[in-house]
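Student: I'd like to go through this structure and ask what stands behind each label. Can you put the values next to the cut-offs for me?

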Amino acid sequence: QVQLVESGGGSVQAGGSLRLSCAASGSIFSLNDMGWHRQAPGKQRELVATIDSDSSTNYVDSVKGRFTISRDNAKNTVYLQMNSLKPEDTAVYYCSARLLLSGSIQWADYWGQGTQVTVSS
């Protein structure tokens, strides 16, 4: 059984910072790409940032220069450092991972339960 557990969400004022963490656990043989999505009430889910196994990163334009995605392979953890937060960043943030289970030859995608980020003006 694989679990992805997010933490670090909360409420901050505009201009503040938060760091989200997502730890993957279970019978994981290998982690491939990891990423963060977010979904605000009444809006579609949006891809925020990705990081591949070589630590190459991609960001949606709206967070470039403010957010930084990183990973610690030894801890099976992906992070999202969020600086200069804006009210429009308010959403539930979900982490995701493409991983290979022990004993499997097929990659599969897993999702965390989400963590709320609220930014007040």
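This is a predicted model: local features need pLDDT of at least 70, side-chain atom pairs count only at pLDDT 80 or more; totals for chains, interfaces and linings use all residues.

Student: What makes Cys-22 and Cys-95 a disulfide?

Tutor: The cut-off is a pair of cysteine sulfur atoms within 2.5 Å. Here the sulfur atoms of Cys-22 and Cys-95 are 1.8 Å apart, so the pair meets the definition. The structure holds one disulfide.

Student: Which parts of the chain does the pair link?

Tutor: Distant ones: Cys-22 sits in strand β3 (residues 18-25) and Cys-95 in strand β9 (residues 91-101), 73 residues apart.

Student: Are those cysteines buried or exposed?

Tutor: Buried means under 20% relative accessible area. Cys-22 has 0% relative accessibility, so it counts as buried. Cys-95 also comes out at 0%, so the label is buried there too.

Student: What share of the chain is buried?

Tutor: Buried residues make up 36% of the 121 residues. The accessible surface of the chain is about 6,600 Å², and 44% of that belongs to carbon and sulfur atoms.

Student: How do you know whether the radius of gyration agrees with a compact globule?

Tutor: You set the chain against the rule: a compact globule of 121 residues would have a radius near 14 Å, and the chain has 14 Å, so the two agree. Along the principal axes, the C-alpha atoms fill a box of roughly 50 × 25 × 25 Å.

Student: What does the secondary structure look like along the sequence?

Tutor: The pattern is β-β-β-β-β-β-β-β-β-β-β, which comes to 11 strands and zero helices. As for contacts between residues at least 6 apart in sequence, 55% join residues at least 24 apart.

Student: How far is Ile-28 from Ser-62?

Tutor: The two are 34 residues apart in sequence, and their C-alpha atoms are 33 Å apart in space.

Student: What makes Lys-75 exposed?

Tutor: Exposed means over 50%, and Lys-75 has 54% relative accessibility, so it counts as exposed. Lys-75 is in the loop between β7 (67-72) and β8. Its C-alpha is 9.2 Å from that of Ser-25, 50 residues apart along the chain.

Student: Then why is Leu-47 called partly exposed?

Tutor: Partly exposed lies between those two cut-offs, and Leu-47 has 42%, so it gets that label. Leu-47 is found in strand β5 (residues 46-51). Beyond its neighbours within four places in sequence, Leu-47 is in contact with Trp-36, His-37 and Val-60. Leu-47 and Trp-36 are 11 residues apart in sequence, with 6.4 Å between their C-alpha atoms.

Student: What makes the phi of Ser-55 worth a look?

Tutor: Most residues other than glycine have a negative phi. Phi of Ser-55 is near 70°, a positive value in a residue other than glycine. Ser-55 is in the loop between β5 and β6 (57-59), and its relative accessible area of 43% makes it partly exposed.

Student: And what is the phi of Ser-84?

Tutor: Near 50°, again a positive value in a residue other than glycine. Ser-84 is in the loop between β8 (77-82) and β9. Its relative accessible area is 42%, so Ser-84 is partly exposed.

Key:
Residues are numbered from 1 along each chain as its sequence is written. Side-chain values use heavy atoms; hydrogens and water are left out. Helices (H or I, at least four residues) and strands (E, at least two) are DSSP runs, numbered from the N terminus. Buried means under 20% relative accessible area, exposed over 50%, partly exposed in between (1.4 Å probe, protein chains only). The radius of gyration is taken over C-alpha atoms; the globule rule is 2.2 Å times the number of residues to the power 0.38. Contact means heavy atoms within 4.5 Å. Accessible areas come from the Shrake-Rupley method with a 1.4 Å probe; for residues, only the protein chains shown count as cover.
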